[in-house]
Amino acid sequence: MDTLLLSISVLCLTTTGLIFLLKKFRQPYLIAYIIAGILLGPYVLKVFTEIHQIEVIGEMGILLLMFFLGMEINIPNHHSLILKPLIAQGIKVLLSLGFAFLIGHFIGLDFRSTVLVAVLFTFNSTAVVSEFLKKHNTLHTAFGVTILNILIVQDLLLAPVLTLLKAWSGETARLWNMLLPVLFSIAVFFLFKKIRNVQEIRMPQLFSGIENDHDLQVFTGLLICLGFGMLAELIGLSSALGSFVAGVIVGRLNMLNWLEHSLAPFKVFFITLFFVSVGLRLDLDYVYQHYEIIVLGTLFVLISNSLMSAIVFRVMRYGWKDSWYGGALLSQTGEFGILALAIAHKTDIIPYDLYKAGLCITCLSLLLSTVWITVFKSMTDRKYSDRHNLHQESF
């Protein structure tokens, strides 16, 4: 217990110091969490050596993050806001496959490894993207809703990816296991359609006592969030999607209106641990030994993902400013890419070197994407601000 207490104290001290440092440079705090994980991980100071334990706790941060997003977001009422994410993600999947097969051809990857590379391109980090949407006050705009819905479509894609990995590992795929995710998704669609214009869901009189009982609200909210997450995972979808659905429902329950404030500290703490776990995974010795392929791979991921996503937004008739910003937001590979890599390695679908390289590239892309997005945002804002000023002066 003393060792655990000391480790957590060191983590809090390191994180606080990094936050104060990054605040001076106006950088997002996500960088502080990842760097803290790198410094305190098993490859540097060895304060934390049991990575799996931190990963499990950190995953709760993703569930709470999606839960809060569900509470805050308005369900799209326009068909364009529903169709655009589906079309956008479909185009991105095709572009990702094209880029992956191009890479596989040049470096000699087999078919399965190439498909895994495409999976890495396909999934982005909900945690990183949503934090930047909030920071730039674009979460509740039509553009922000489209991006968030793209991330939800990616969560839905996790089911067929996991099914494919199970098939490759030799595990028999059952028809019921493939139908359940589809049925759940259809049920969620009709649920959202029914409640999208509902401001408040009324509960039976039996639950009226919850409204003034804050302790009961906290544990009721956590039960709903984690319960829906567990249900979605058992069905074969991502637990994050289940938590998002729970958040949409809870956001319309007036008796739980205090819940958002009560669970906010939990969200901050667990999200911090999630990004710390990302830093813990980064093997600096492996990066040093294979720095050329890791650095080039990370830059290629950031540039190609930005380019692919910008093309997608441009095809969806967004302006170049929003397209480049959206491309930067979706530049990194996300947490589900790490999950796919881990499963593929454990089932001997991909070799150790590809798993380790993919893990390092994913971790670095998450770390560098925060700077990447900030730079892109400032550059596009300055460019279009100068163009607007020039246009005004011409009159």
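Author: A pocket is an open set of grid points with protein on both sides within 12 Å along at least five of seven lines. In this predicted model, the largest pocket has a volume of about 1300 Å³. Its lining is made of 46 residues, and those closest to its centre are Glu59, Leu162, Glu233, Leu339 and Ile343.

Reader: Which elements give two or more residues to that lining?

Author: They are α3 (51-72), α7 (142-168), α8 (175-195), α9 (214-235), α10 (239-250), α11 (259-281), α15 (335-346) and α16 (352-394).

Reader: And what makes up the lining of the largest pocket by class?

Author: There are 26 nonpolar residues, together with ten polar and ten charged ones. Two of the residues closest to the centre, Glu59 and Glu233, fall in the charged class, because Glu is counted there.

Reader: There is also a cavity. How many cavities of 30 Å³ or more are there?

Author: The count comes to one.

Reader: Which residues line the largest cavity?

Author: Ala88, Gln89, Lys92, Ile150, Ser309, Val312, Phe313 and Leu330 do. Two or more of the lining residues come from each of α4 (79-107) and α13 (291-315). The lining divides into five nonpolar, two polar and one charged. Lys92 belongs to this lining and is charged because Lys is put in that class.

Reader: Now to the helices. Why is α9 called oblique to α10?

Author: Their packing angle is about 140°, with the axes 7 Å apart. An angle counts as roughly antiparallel only over 145 degrees, and 65 to 115 is roughly perpendicular. The value falls between these ranges, and α9 and α10 are therefore oblique to each other. Their crossing is right-handed.

Reader: What meets what where α9 and α10 pack?

Author: From α9 come Ile224, Cys225, Phe228, Gly229, Ala232 and Glu233, and from α10 come Ser239, Gly242, Ser243, Val245, Ala246, Ile249 and Val250. By class, this contact has eight nonpolar, four polar and one charged residues. Glu233 is also among the residues closest to the centre of the largest pocket.

Reader: What about α7 and α10: at what angle do they pack?

Author: The angle is about 130°, and the axes are 8 Å apart. That again lies between the perpendicular range of 65 to 115 and the antiparallel limit of 145, which makes α7 oblique to α10. Here α7 passes α10 in a left-handed crossing. Leu148, Ile152, Asp155 and Leu156 of α7 make the contact with Ala240, Leu241 and Phe244 of α10. These residues divide into six nonpolar, no polar and one charged.

Reader: How do you know that α5 and α15 are roughly antiparallel?

Author: Helix α5 (residues 111-122) and α15 have axes that come within 8 Å and cross at roughly 160°. Since angles over 145 degrees count as roughly antiparallel, α5 and α15 are therefore given that name. The crossing is right-handed.

Reader: And what makes up the contact of α5 with α15?

Author: Leu116, Val119 and Leu120 in α5 meet Gly337, Ala340, Leu341 and Ala344 in α15. Six of these are nonpolar, one is polar and none is charged.

Conventions: Residues numbered from 1 in each chain as written. Predicted model: local features only at pLDDT ≥ 70, side-chain atom pairs only at ≥ 80, totals over all residues. Heavy atoms only, no water. 1 Å grid on protein atoms, 1.4 Å probe; cavity = no way out; pocket = protein on both sides within 12 Å on 5 of 7 lines; lining within 4 Å. Points joined across faces, edges and corners; volume = space filled by probe spheres on them. Helix = DSSP H or I, 4+ residues; strand = E, 2+ residues; numbered from the N terminus. Axes fitted to C-alpha atoms, helices over the stretch in contact; angles between N-to-C directions. Parallel < 35°, antiparallel > 145°, perpendicular 65-115°, else oblique. Left-handed = near helix turned anticlockwise from the far one by under 90°. Contact = heavy atoms within 4.5 Å.
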